[in-house]
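Please examine the structure shown below, together with its sequence. A set of questions and answers on its local geometry is requested.

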Amino acid sequence: MIDLGVNSFQGSIPTELGHLPNLQQLYLFDNLSGDIPMSIFNISTLQILALTGNSLSGSLPTDMAVRLPNLQGVFLGSNQLTGPIPSSFSNGSVLSVIDLGYNLFSGNIPMSLGNLLQLQTIILEGNQLTNDKTELEFLTALTNCPSLNTIQIGYNPLDGVLPRSFVSSGNLSASLGKFHASGSGLKALAENNLTGEFPDTIGNLRNLRRFQAYDNGIQGGIPSGLCNLEGLYELNLGKNKLSGELPSCLGNFFVERDLFGFQCFSFILAIKFLGK
């Protein structure tokens, strides 16, 4: 393992680090710049690649997961990486965390991510990712990931409809705890210019604790299925086109909630539903 994070290093990542054939974990959280050396992607033993919070640029190799077959976690958030998300991620049989948030990735989110049976967390928010279908079909693909707990796709220009199949999935009903789609044309799924009505089958995601779909085009009312989410403590549906009456069950969310949960639901009752 090499952990040199949270120091004051500058410059680029040395190519020579790729000459460590038995390296399993690499942590570099600093002000490093330049491309990620291609030699890093030749370390087939690498399990954790953590380069968060640098100023790294360039794109990821299309065969990244093929080169790194033992990769369990990819932490590349808060850099300046560009290009598409490699579809080869689907070859990562033990890959459980993908964090590519707050970069400059573009193109569609690969449907093949749904092949990652060990995937637990995927963070893609804050990029330039797009969607060329009416529905956000990649979300349907992700329902094949039985251990998926966290999806963050906000602040991307996705511009699509939340698939009904996504919220009615048997797999995700037991695993999904956090869904963020807010804020800017993509909105961690809270600003993706989502359209259509809020699906009543949201209640099938019984372990959902945080749901953000702020600043989209969601229409209709808040569905009664929301009442089935007994563990929900954060709900953000502000700046949409919701109408109708508030479900009476929202009052039940105050019961045995901590202060954070109380504040969140106070906020929705006071302002979020009205979209002001």
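The questions and answers below treat strand pairing, side-chain contacts and backbone angles.

This is a predicted model, in which local features need pLDDT of at least 70, side-chain atom pairs count only at pLDDT 80 or more, and totals for chains, interfaces and linings use all residues. Residues are numbered from 1 along each chain as its sequence is written, and side-chain values use heavy atoms, with hydrogens and water left out.

Q: What is the order of the open sheet of three strands?
A: Strands are DSSP runs of E of at least two residues, numbered from the N terminus, and two of them pair if DSSP finds at least two bridges between them. Two bridges join β7 to β9, and three bridges join β9 (residues 104–108) to β11. The pairing is parallel, and the order is β7-β9-β11.

Q: Which residue in β11 is the bridge partner of Gly107?
A: Strands β9 and β11 run parallel and are joined by three bridges. Asn108 stands opposite Thr130 in β11. For Gly107, the bridge partner in β11 is Leu129.

Q: Which residue forms a salt bridge with Asp63?
A: A salt bridge requires a side-chain nitrogen of Lys or Arg within 4 Å of a carboxyl oxygen of Asp or Glu. By this rule the count comes to one. Asp63 has 30% relative accessibility and is partly exposed, a class lying between buried (under 20% relative accessible area) and exposed (over 50%), with a 1.4 Å probe and protein chains only. With the closest N and O atoms 3.2 Å apart, the partner of Asp63 is Arg67.

Q: What is the phi of Ser78, which is not a glycine?
A: Most residues other than glycine have a negative phi. Ser78 lies in the loop between β6 (73–75) and β7, and is partly exposed at a relative accessible area of 37%. Its phi is positive, at about 60°.

Q: Where does Tyr102 lie?
A: Tyr102 is a residue other than glycine with a positive phi near 55°. At 41% relative accessibility, Tyr102 counts as partly exposed. Its position is the loop between β8 (97–99) and β9.

Definitions and conventions: Helix = DSSP H or I, 4+ residues; strand = E, 2+ residues; numbered from the N terminus.
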